[in-house]
Amino acid sequence: MMRAIWNTLSFLAVVHLLALLMLVGWLWNSGRLNSDRVTKLRDMLSKTPAEEQAQIEKDEAAKKEADRQAQEDAERNSPSVQSADQVRLMNMIQDREAMAMRRLSDEKAMLMAQIGTAEDAVKKKDEELAANRAAWDQVTAEDRARQTDAQFQQTVKAYESIPAKQAKSMFEELIRQGQMEQAVAYLDAMNPRAASKVLKEFKTPEEIQLATKLLEDLRRFGTVSQPTQEMQNAAGNQPTGS
């Protein structure tokens, strides 16, 4: 049974193959089939419908991209009327931007000039204020110097007019307060005789040591030699134990 079925199927296959070969031979002899069509038919049958549709869409996209690129190249080489209008529009925009930049630059230059003028005015005003302040300080200093000099001379006259022992106590107080230089200045400005009387009142060893310091400082002030010599003589005649 199976052998009969197999023989039948084999016979039918051979018949269909012969029919197909006859059809191909007829198509070839009639010019309806050639090598190019065979290739196309093979390519068509090698893909599924979905793959063939995807390939068609890909080919169309590539063709559109090629057309677009070709159009852009053509417009660059030979601008159309629309491209010329765009060029003019771009030039107009660039001109306006250039004008705006020049206007801003001019305004900035004018503003900087105004700032410079204002700075010069402020600088001049500061210089005037500084000059006025310097003049005021000088007048104040001169007035203070006059007052100080007058007070100094009054103090010196006061030291000369009081007893030497009292003046000596006042000098000691000045020295205790740390005003050695002021005491030396007063002694230097005093009448030499009055100053020598004050110096003679320094009698104890401690006082003589202090008087010696005063004498050394008096030499720096260029005091006359009379009070200095008299004080040295007085110091040499003082007993060491009293």
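Predicted model: local features only at pLDDT ≥ 70, side-chain atom pairs only at ≥ 80, totals over all residues.

Me: Which residues touch the most other members of the largest nonpolar core?

Reply: That core has 24 residues, and the ones with the most contacts to other members are Tyr159, Phe171, Tyr186, Leu187, Met190, Val198 and Leu214. Two or more residues come from each of α4 (81-161), α5 (164-176), α6, α7 and α8 (205-221).

Me: And which element gives the largest share?

Reply: α6 does, with six residues.

Me: OK, rings. How many aromatic pairs are there?

Reply: Three. In one of them, Tyr159 and Phe171, the ring centres are 4.6 Å apart and the planes sit at 20°, so the pair counts as stacked. Tyr159 is in helix α4 and Phe171 in helix α5, so this pair ties together parts that are 12 residues apart in sequence.

Me: Are those two buried or exposed?

Reply: Tyr159 is buried at a relative accessible area of 6%, and Phe171 is buried too, at 0%.

Me: What about the rings of Tyr159 and Tyr186?

Reply: Their centres are 5.3 Å apart with the planes at 45°, so that pair is tilted. Tyr186 is in helix α6 and Tyr159 in helix α4, so here the linked parts are 27 residues apart in sequence. Ring pairs join Phe152, Tyr159, Phe171 and Tyr186 into a cluster.

Me: What else does Tyr186 touch, beyond its sequence neighbours?

Reply: Leaving out residues within four places in sequence, its contacts include Thr155, Val156 and Leu174, along with Phe152, Tyr159 and Phe171.

Me: Back to Met190. Where is that one?

Reply: Met190 is in the loop between α6 (180-189) and α7 (192-200). Why does it count as buried? Its relative accessible area is 4%, and the cut-off is under 20%. Beyond four places in sequence, Met190 touches Val156, Tyr159, Glu160, Phe171, Ala195 and Val198.

Me: Switching to the outside: which residues form the nonpolar surface patch?

Reply: Val14, Leu17, Leu18, Leu20, Leu21, Leu23, Val24 and Trp26, with about 770 Å² of accessible area together. Val24, for one, lies in helix α1 (residues 2-29) and is partly exposed, with a relative accessible area of 36%.

Definitions and conventions
Residues numbered from 1 in each chain as written. Heavy atoms only, no water. Helix = DSSP H or I, 4+ residues; strand = E, 2+ residues; numbered from the N terminus. Buried < 20%, exposed > 50% of the residue type's maximum accessible area, 1.4 Å probe, protein only. Contact = heavy atoms within 4.5 Å. Core = buried A, V, L, I, M, F, W, Y, C linked by side-chain atoms within 4.5 Å. Patch = residues over 30% accessible without salt bridge, like charges linked within 9 Å, V, L, I, M, F, W, Y side chains within 5 Å. Areas by Shrake-Rupley, 256 points an atom, 1.4 Å probe, with all protein chains shown as cover. Salt bridge = Lys/Arg side-chain N within 4 Å of Asp/Glu carboxyl O. Phe/Tyr/Trp six-rings, centres within 6.5 Å; stacked < 30°, edge-to-face > 60°.
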